[in-house]
Amino acid sequence: MKLAKEAGYISAVTTRHGVLRPEHAGHLHALPRISLNGRYQQIGYVRTMLSGITTPLANRGKMLVTV
């Protein structure tokens, strides 16, 4: 995060699972992402992940995902 900010990037993503929420506005160099690899390439899985319902499941109950 620090290196991305120092290099002049406006934002950066982490490897943490999640969707963007308004609260991420203060964490632009630690944004979560949805990974579409391996088993989760079907449209139903993508829609479920984009709904945000899987974020707390993947992050020990947290909706706001930062590092």
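Reader: By the distance rule, what does the count of salt bridges come to?

Author: This is a predicted model. Side chains of opposite charge can pair when their charged atoms come close. Another joins R21 and E23. The count comes to two salt bridges.

Reader: Is K2 buried or exposed?

Author: Exposed means over 50% relative accessible area. K2 has a relative accessible area of 63%, so K2 is exposed.

Reader: Which residue forms a salt bridge with R21?

Author: R21 counts as partly exposed, at 28% relative accessibility. The closest N and O atoms of the pair are 3.6 Å apart. The partner of R21 is E23.

Reader: Where does H24 lie?

Author: Strand β1 covers 13–17. Strand β2 covers 31–33. H24 lies in the loop between β1 and β2.

Reader: Is H24 buried or exposed?

Author: Buried means under 20% relative accessible area. H24 has a relative accessible area of 2%. That value falls under the cut-off, so H24 is buried.

Reader: Which residues is H24 in contact with, leaving aside neighbours within four places in sequence?

Author: Contact means heavy atoms within 4.5 Å. Neighbours within four places in sequence are left aside. The contacts of H24 are then V19, L31, P32, L64, V65 and T66.

Reader: What is the phi of R60?

Author: R60 belongs to the segment after α3 (54–58). R60 is exposed, with a relative accessible area of 83%. R60 is not a glycine, yet its phi is positive, at about 50 degrees.

Reader: In what order do the elements of the protein run from the N terminus on?

Author: The secondary structure comes to three helices and two strands. From the N terminus on, the order is α-β-β-α-α.

Reader: What share of the accessible surface belongs to carbon and sulfur atoms?

Author: Buried residues make up 28% of the 67 residues. The accessible surface of the protein comes to about 5,100 Å². The share that belongs to carbon and sulfur atoms is 58%.

Notes:
Residues are numbered from 1 along each chain as its sequence is written. This is a predicted model: local features need pLDDT of at least 70, side-chain atom pairs count only at pLDDT 80 or more; totals for chains, interfaces and linings use all residues. Side-chain values use heavy atoms; hydrogens and water are left out. Helices (H or I, at least four residues) and strands (E, at least two) are DSSP runs, numbered from the N terminus. Buried means under 20% relative accessible area, exposed over 50%, partly exposed in between (1.4 Å probe, protein chains only). A salt bridge is a side-chain nitrogen of Lys or Arg within 4 Å of a carboxyl oxygen of Asp or Glu. Accessible areas come from the Shrake-Rupley method with a 1.4 Å probe; for residues, only the protein chains shown count as cover.
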